[in-house]
Amino acid sequence: MEKTIRIGILDDHPIIFQGITKMLEASPGIKFKVDLTATSIPVLMHKLESKTIDILLLDLSLGNPMHHSLSTEGRQVLPLLAEKHPNVKVIIYSQFNDDNLRAELIAEGACAYLCKKDDNEELPDILRKVHKNGSYFDQQTARAMSRRLKTKRNTALESGLLAGWKPEHIECMRLTVKGCSVKKIADTMNKGENTIKGYRKIIYRKTGCKNPAELANWASEKDLFQEENTI
């Protein structure tokens, strides 16, 4: 029997709880259980003391009803969970459709970014992918990360951080951080997919990362990438 995926929701609009719960309960295949709901960060953290969840759907607009469109208070949850509940995977579920914000929150530890204005019929499938793989990057998020992150290969080599790395491993890492799939990297580098999978294993071993999301965070923390300049 497949494991039930336990879902938490942080949103200051309780009606959201009902809609998501109904959607997930009607989803075929893997079972979901909305096991925790909260309308504020303190309530969320208190409930997590006695509740265990696998994935948190996190709204960003909290605690600022007078200027709701400008509030991103919800992002404060990311470092709190990283410290106290590191096994909880976070999916941003927000009204904001801003590419810079998408890339920033992925770098801060979010596993996926979904916009409430989009058609979210794919939410159950995305939850499954995040639960299984640790992350999910749609095309918009991948493009946002690509625009935000730019390789600093020469600086890295000069600093010694990537000393001894083969050029093909560095290139594979760069493309992985950009959000490219194994097939895309293989096509770009003119290599076989099994070769790229082998490169990724080496990269993950060297960096201590387990998936593309963790690698993106690692690269950002090590200052291997920077925002691309746009003209």
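1. Lys47 counts as partly exposed because its relative accessibility is 31%, where partly exposed means between buried (under 20% relative accessible area) and exposed (over 50%), with a 1.4 Å probe and protein chains only. Lys47 is found in helix 2, residues 41-47. Helices here are DSSP runs of H or I with at least four residues, strands are runs of E with at least two, and both are numbered from the N terminus. Leaving aside neighbours within four places in sequence, Lys47 is in contact with Leu36 and Thr37; contact means heavy atoms within 4.5 Å. Lys47 and Leu36 are 11 residues apart in sequence, and their C-alpha atoms are 7.4 Å apart in space.

2. A word on the source. The model is predicted, so local features need pLDDT of at least 70 and side-chain atom pairs count only at pLDDT 80 or more, while totals for chains, interfaces and linings use all residues. Residues are numbered from 1 along each chain as its sequence is written, and side-chain values use heavy atoms, with hydrogens and water left out.

3. The overall counts come next. The protein has 11 helices and seven strands. Of its 231 residues, 45% count as buried. Among the contacts with a separation of 6 or more, 66% are between residues 24 or more positions apart.

4. The pairing can be followed strand by strand. Strand 1 (residues 5-10) pairs with strand 3 (residues 55-58) in the parallel sense over four bridges, and Ile9 has Leu57 of strand 3 as its bridge partner.

5. Lys89 in strand 4 is the bridge partner of Ile55. Strand 4 is joined to strand 5 by four bridges, again running parallel, and Tyr113 in strand 5 is the bridge partner of Ile92. Strand 4 is mostly covered, with five of its six residues buried.

6. The largest pocket holds about 610 Å³ of space. On a 1 Å grid over the protein atoms alone, a pocket is an open set of points with protein on both sides within 12 Å along at least five of seven lines, whereas a cavity is a set where a 1.4 Å probe fits but cannot get out; lining residues have an atom within 4 Å of a point. Grid points are joined across faces, edges and corners, and the volume is the space filled by probe spheres set on the points.

7. Which residues lie nearest the centre of the largest pocket? They are Pro86, Gly109, Cys111, Glu214 and Asn217, out of 21 lining residues. Helix 3, strand 4 and helix 11 (212-221) each supply at least two residues of this lining, and helix 11 gives the most, with five. By class, the lining has 11 nonpolar, five polar and five charged residues. Ala, Val, Leu, Ile, Met, Phe, Trp, Tyr, Cys and Pro count as nonpolar, Asp, Glu, Lys and Arg as charged, and the others, Gly among them, as polar.

8. The second largest pocket has a volume of about 350 Å³. Its lining has 14 residues, of which Ser135, Phe137, Cys180, Arg200 and Pro212 lie nearest the centre. That lining divides into five nonpolar, six polar and three charged residues.

9. Asn190 is found in the loop between helix 9 (182-189) and helix 10 (193-207). Its phi is near 60 degrees, a positive value in a residue other than glycine. Most residues other than glycine have a negative phi. Asn190 counts as exposed because its relative accessibility is 70%.

10. Lys206 is found in helix 10 and counts as partly exposed because its relative accessibility is 44%. Lys206 and Trp165 are 41 residues apart in sequence and 9.4 Å apart in space, C-alpha to C-alpha.

Key: Two strands pair if DSSP finds at least two bridges between them.
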